[in-house]
Protein chains: 2
Amino acid sequence: MKSGQVTIKDLARELNISAATVSRALKDHPDISKSTKKAVISLAEKLNYQPNSVAQSLRHSKTNTIGIIVPEIIHYFFSSVISGIEDVAYTEGYNVMICQSNEKIEREIANTKALLSNRVDGFLVSISKSTQNFDHLQNILNRNVPLVFFDRICTNINTHSVSVEDYEGAYKATSHLIEIGCKKIAHLSGPQNLLISYNRQKGYHDALIQNNLPIQDDWILVADSLEQGFKSAKKLVNLPKAERPDAIFAVNDITAVGAMKALKECGLKIPEDIAIIGFSDDQKLAPLLEPPLSSVAQPGFEIGQEAIKLFLKEISKPERDGVFEKKVLKTELIIRESTRKNKD
Amino acid sequence: MKSGQVTIKDLARELNISAATVSRALKDHPDISKSTKKAVISLAEKLNYQPNSVAQSLRHSKTNTIGIIVPEIIHYFFSSVISGIEDVAYTEGYNVMICQSNEKIEREIANTKALLSNRVDGFLVSISKSTQNFDHLQNILNRNVPLVFFDRICTNINTHSVSVEDYEGAYKATSHLIEIGCKKIAHLSGPQNLLISYNRQKGYHDALIQNNLPIQDDWILVADSLEQGFKSAKKLVNLPKAERPDAIFAVNDITAVGAMKALKECGLKIPEDIAIIGFSDDQKLAPLLEPPLSSVAQPGFEIGQEAIKLFLKEISKPERDGVFEKKVLKTELIIRESTRKNKD
DNA sequence: AGAATAAATGCAATCGATTACGAAGGGTTT
DNA sequence: AAACCCTTCGTAATCGATTGCATTTATTCT
């Protein structure tokens with residue numbers, strides 16, 4: 001009691017029985033008599049006894065804690081995923097330790113080390129933009145700790161993953177732009193080392209090819225922030241009239257917002273002059289813009305749920321068998337005013 | 001090594017020395033010879049030894065983990081706060097366990113229990129809307145565990161807190177509306193049991209009184225979501241012409257957005273017909289709206305930093321002395337188009 | 001009654017790291 | 001040579017909970 005927290009020993013001393021008996025009484029072990037159980041339980045309640053999870057974790061080599069590493073919580077998408085994870089974790093009796101890499105690999109490495117040290121039972125990770133070396137992640141698996149990637153998965157490492165149909169989503173978005181009559185479609189692409197960027201760009205690319213539309217290198221710009229979206233859109237607008245795109249497919253919503261801002265500033269009308277579509281469908285943003293932004297919805301909450309479910313399934317196996325599941329969730333094209341031309 | 005994790009015993013066995021010596025060698029204890037230290041450290045590096053924090057926590061009765069309870073991570077404000085906490089936690093060698101109450105007291109109680117069981121070194125809490133009983137929070141203090149409230153603080157419990165000048169912020173916002181010529185100012189208020197709602201409403205109230213403007217009961221509606229903001233604004237618009245407000249001060253940005261949506265739908269111009277201002281200044285929202293929304297900025301990141309700093313200061317005390325600090329941070333009036341009338 | 005069985009509880013080791021205390025070995029002092 | 005010291009390391013207890021095994025006591029059987 002000195003530290004303010006009641007222990008099993010305190011209960012034992014008070015009742016003049018051994019700690020072992022208290023432990024067994026608390027978990028309703030059949031060896032213990034009813035009267036003893038009653039006494040123990042009532043004293044435990046009286047003193048508001050809370051078992052020390054740290055000791056239990058040590059004893060069982062199981063912490064009931066999951067480590068999460070995300071680039072930044074602040075993004076709607078990642079906090080949705082975290083909510084999804086927490087939702088399942090809560091009902092399954094798990095706690096979560098959340099770390100942010102802030103898009104820096106050094107921080108990601110430090111986070112990995114800290115979580116390993118804390119003996120989390122598993123990792124749910126979305127890698128940072130700057131993660132090009134994967135030793136720290138491989139290290140997790142080498143220690144026999146389950147690892148599930150979500151969204152920004154890492155193909156160099158063979159493990160579970162949950163992602164969305166980035167290629168198909170991008171293909172749908174681009175096709176949609178084509179259907180509403182756009183012929184000169186630009187793409188604001190994400191960090192080139194991320195698979196999601198690659199896939200989205202490929203979906204865009206293939207949709208154009210399939211529709212016999214031109215691929216033009218200066219219509220493909222790397223931009224994945226509001227500021228970069230703004231700058232890139234300015235560049236696009238300043239192209240010679242004939243080369244100016246009539247639509248933009250942005251790798252995510254915030255980049256689309258930056259582009260929209262630039263377009264408006266240039267006096268261009270959305271979608272009449274230039275249509276625009278994003279990716280992710282940030283619920284707290286896309287529908288509230290002027291005009292409301294079309295986007296490809298990613299089920300963030302569900303991604304989180306699936307990720308932790310894969311983890312739970314993995315630890316329920318008698319041993320690591322090296323069989324990994326790669327879940328790919330569907331995206332949904334959300335059409336709003338930013339791609340709704342009058343003629344439709 | 002069976003579990004995949006190297007322990008101090010593994011190192012000891014390999015080097016034919018005792019675990020105690022390994023432990024001391026790793027922490028550069030003066031009793032250990034240079035040669036032994038070298039051998040231990042090199043083997044530790046070779047086997048990629050990571051100390052088991054669980055064991056260390058048990059030994060030292062200190063987990064180096066902080067428990068955070070927030071209503072919902074998904075809100076920009078709370079994720080900012082969490083980022084601020086994490087920022088300091090990271091440099092100070094702390095990990096964070098984040099729990100969401102989802103605005104439900106039952107969940108908040110369960111979170112408290114789980115974090116106590118995990119023996120977190122301290123709590124940083126922002127209470128839920130439905131928290132009217134505070135036993136679970138008092139219980140934290142009874143166990144001698146430091147507790148810091150932030151934003152949604154709880155006056156029934158005497159402990160550290162970090163909040164912002166809600167009253168002053170609301171007063172400034174309302175005064176600003178008056179300055180731009182509004183005379184019939186409505187208020188969309190938050191949950192009545194939260195202090196922040198009360199203070200914001202009081203700031204609004206006092207600003208009106210001070211300027212000899214009428215307080216009208218049907219101009220004060222409880223609403224703190226997009227949907228409720230929408231509905232409430234509709235009600236305001238449908239008031240008899242003479243009673244229709246010419247400005248709205250909303251308890252937060254998302255409510256303001258709902259109201260804006262309603263106003264636009266009714267064909268009213270912002271700010272010409274009705275000016276509107278929010279609270280919090282959600283960076284990912286307010287500046288991107290049409291028109292950009294004026295708001296009272298709350299420094300979320302800084303709130304987080306201050307909260308954890310109060311915790312760190314508390315645990316650096318030789319013992320709990322019952323002296324508590326109540327930090328109140330400044331807000332800043334951010335004026336954008338939604339309250340910028342032409343005549344100005 | 002003596003033996004066998006069942007019921008209830010305690011002992012001691014364990015998880016991994018730490019640390020007070022003690023001990024061995026080499027060297028120095030008087 | 002006896003007494004002492006310093007360096008270096010090991011022993012054992014500890015943190016709190018758990019659990020295989022042993023022990024005690026009560027009960028039943030033959």
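Biologist: What makes the pair Arg340(A) and Glu337(A) a salt bridge?

Modeller: A salt bridge needs a side-chain nitrogen of Lys or Arg within 4 Å of a carboxyl oxygen of Asp or Glu. The closest N and O atoms of Arg340(A) and Glu337(A) are 2.5 Å apart, so the pair meets that definition. A word on the source: this is a predicted model, where local features need pLDDT of at least 70 and side-chain atom pairs count only at pLDDT 80 or more, while totals for chains, interfaces and linings use all residues. Residues are numbered from 1 along each chain as its sequence is written, chains are lettered from A and ligands numbered from 1 in the order in which they are written, and side-chain values use heavy atoms, leaving out hydrogens and water.

Biologist: Thanks! Why is Arg340(A) called partly exposed?

Modeller: Buried means under 20% relative accessible area, exposed means over 50%, and partly exposed lies in between (1.4 Å probe, protein chains only). Arg340(A) has 39% relative accessibility, so it counts as partly exposed. Glu337(A), with 33%, is partly exposed as well.

Biologist: How do you know whether Lys37(B) is buried or exposed?

Modeller: Its relative accessible area is 14%, so Lys37(B) is buried. Its side chain meets that of Asp28(B) in a salt bridge (3.0 Å, N to O). Asp28(B), at 55%, counts as exposed.

Biologist: What links Glu103(A) and Arg152(A)?

Modeller: Their side chains meet in a salt bridge, with 3.0 Å from N to O. The pair links distant parts of the chain, 49 residues apart. Glu103(A) is buried at 14%, and Arg152(A) is buried at 9%.

Biologist: Asp151(A) is buried too. Why does it have no salt bridge?

Modeller: The nearest side chain of opposite charge, Arg200(A), is 4.3 Å away (Lys and Arg count as positive and Asp and Glu as negative; His and the chain ends are not counted). The side chain of Asp151(A) does make a polar contact with the side chain of Gln298(A), at 3.2 Å.

Biologist: What makes that a polar contact?

Modeller: The term means a pair of N or O atoms within 3.5 Å; within protein, one must be able to donate a hydrogen and the other to accept it, and residues adjacent in sequence count only if both atoms are side-chain atoms. At 3.2 Å, the contact between Asp151(A) and Gln298(A) is inside that limit.

Biologist: And which part of DNA strand C is 2.8 Å from the side chain of Gln56(B)?

Modeller: A phosphate oxygen of DNA strand C is 2.8 Å from an N or O atom in that side chain.

Conventions: Helices (H or I, at least four residues) and strands (E, at least two) are DSSP runs, numbered from the N terminus.
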